[in-house]
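Open the structure in your viewer and keep the selection tool at hand. The tour goes stop by stop.

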Amino acid sequence: MIKFALRCSEGHVFESWFQSGTAFEGLQSRGLLTCPVCGDSAIEKALMTPVVAKPTQPASENKREKSPELPEELQRLRAEIEANSDYVGERFTSEARAMYLGEVPDRPIHGEARPEDAKALIAEGVPVLPLPFIPTRKTN
Ligand SMILES: [Zn+2]
């Protein structure tokens with residue numbers, strides 16, 4: 001004998017004994033199983049709550065090293081910016097201005113600027129966007 005937790009299409013969960021798993025499937029396929037609550041014959045094995053022996057890490061935790069202080073969407077934004085633009089560090093102000101003035105070819109950059117420099121760039125019409133995070137510093 002084997003006991004299965006079953007669920008009808010209305011979501012009622014109940015347990016029932018069967019001679020075997022095959023016997024259960026035979027009864028199920030012929031619509032001979034009915035819900036004791038509502039009489040529904042659309043019966044499936046209920047998914048049991050998994051029993052976990054030790055804590056497991058969520059899969060997403062392993063994908064990338066994260067800074068715990070950053071919400072996930074900012075981490076994504078940072079990853080995107082870092083993947084698609086050059087890090088120029090503290091040269092950001094001069095690089096951005098040179099690009100704006102056409103002295104160097106346009107390219108996406110990110111880096112750091114003092115608040116007064118950033119304000120000056122914006123005042124000059126240079127399209128800069130403050131980032132809501134500190135870029136990852138690179139040594140090269
Ligand atoms: Zn039911």
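This is a predicted model: local features need pLDDT of at least 70, side-chain atom pairs count only at pLDDT 80 or more; totals for chains, interfaces and linings use all residues.

Select residues 86-89 for β4 and residues 109-111 for β5. They pair in the parallel sense, over 3 bridges. For one of these contacts, pick Asp86; its bridge partner in β5 is Ile109.

Now move to the open sheet. Three strands build it, in the order β2-β1-β3, with antiparallel pairing. Select β2 (13-18) and β3 (43-45): these are the edge strands. Each has a single partner strand, so one side of each is left without a neighbour in the sheet. Look along the sheet for its twist, which averages 45 degrees from one strand to the next. As background, strands of a sheet pair through backbone hydrogen bonds, either parallel or antiparallel.

Next, select residues 2-8, strand β1. How many bridges join β1 to β2? There are 6, and the two strands run antiparallel.

Last stop: colour by pLDDT. The protein chain averages 81, and 81% of the residues score at least 70. Select helix α1 (residues 21-29); its mean of 92 is the highest among the elements of the chain. Then select helix α2 (residues 72-84), which has the lowest mean, 85.

Terms used. Residues are numbered from 1 along each chain as its sequence is written. Two strands pair if DSSP finds at least two bridges between them. Helices (H or I, at least four residues) and strands (E, at least two) are DSSP runs, numbered from the N terminus. Axes are lines fitted to C-alpha atoms, for helices over the stretch in contact, and angles run from 0 to 180 degrees between N-to-C directions. pLDDT is the predictor's confidence in each residue, from 0 to 100.
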